[in-house]
Amino acid sequence: MGLFITFEGGEGCGKSTQAKMLWKKLCQQNIPAILTHEPGGTILGAEISKSLKRRRESSVSPEAELFLFAASRAQLITEVVRPALKKGRTVICDRFSYSTVAYQGCGRGLSLNMIELVNDFATQGLKPDLVILLDLLPQEGLARKRELMDRFELEELSFHCRVREGYLKAAAADPDQWLVIDASLPRRRIAEIMWEKVSQLLPDLSS
Ligand code: TMP
């Protein structure tokens, strides 16, 4: 099985940039790797993503939101993540199940037990080998955005603060699985810290 690495963080934390940089670095080292993201990464996921992020639309209940993210995740796992891991590829995923814990659980206030059940079902129990959290004050992250576009970015600051707290709590509960990086550091420094950790986990590089 390949290595499964996921990126997490609040709005504007720079995780998509870092996920791409890590994927490029792996490719440069001739390590077979794929980069994917949530919500999306499949045709079904892209359709779900559009309806979830749309700015103006009929309202989406927190419960419906949970199942839509889970549906996108279930499809991604079956269609993309598991087959790639089976082939021994490293899979980098920009957001995964902890986004649901942080956003729908801590942000929206849905039951964390229910979220764990739904996540487990959607992922078929698959857990990342490493979760990289790019931690940033929500005010700073939101200020990095030129325009607040989707339903999540437009949430009030207290929502984003709960999301951040949720991430930090999850990371503190399992420090072996999580790598928390200060996202206010320069991009290159963040990439170095990440690489230090990832290279230890890659059998070809650590030996
Ligand atoms: P992004 O493409 O900017 O990361 O946007 C995805 C948005 O969806 C982001 O605001 C976080 C949110 N989200 C959830 O609320 N729950 C989830 O499970 C996932 C994957 C994303």
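This is a predicted model: local features need pLDDT of at least 70, side-chain atom pairs count only at pLDDT 80 or more; totals for chains, interfaces and linings use all residues.

Residues are numbered from 1 along each chain as its sequence is written, and side-chain values use heavy atoms, with hydrogens and water left out.

**Exercise 1. Work out how helix H3 and helix H4 pack.**

Step 1: locate the helices, H3 at residues 62-86 and H4 at residues 97-107. Helices (H or I, at least four residues) and strands (E, at least two) are DSSP runs, numbered from the N terminus.

Step 2: take the geometry. The axes of H3 and H4 are 11 Å apart, at an angle of about 170 degrees; axes are lines fitted to C-alpha atoms, for helices over the stretch in contact, and angles run from 0 to 180 degrees between N-to-C directions.

Step 3: classify the angle. H3 is therefore roughly antiparallel to H4 (under 35 degrees counts as roughly parallel, over 145 as roughly antiparallel, 65 to 115 as roughly perpendicular and the rest as oblique).

Step 4: list the contact (heavy atoms within 4.5 Å). H3 contributes Glu65, Leu66, Phe69 and Arg73, and H4 contributes Ser97, Thr100 and Gln104.

**Exercise 2. Describe the ring pair of Phe4 and Phe96.**

Step 1: recall the two quantities. A pair of aromatic rings is described by the distance of the centres and the angle of the planes.

Step 2: apply them. The structure holds five aromatic pairs (ring centres of Phe, Tyr and Trp, the last by its six-membered ring, within 6.5 Å; planes under 30 degrees apart are stacked, over 60 edge-to-face and the rest tilted). For Phe4 and Phe96 the centres are 5.0 Å apart and the planes stand at 80 degrees, so the pair is edge-to-face.

Step 3: Phe4 is in strand E1 (residues 4-9) and Phe96 in the loop between strand E3 (90-94) and H4, so the pair ties together parts 92 residues apart in sequence.

Step 4: check burial. Both Phe4 and Phe96 are buried (under 20% relative accessible area; exposed is over 50%, partly exposed in between, with a 1.4 Å probe and protein chains only).
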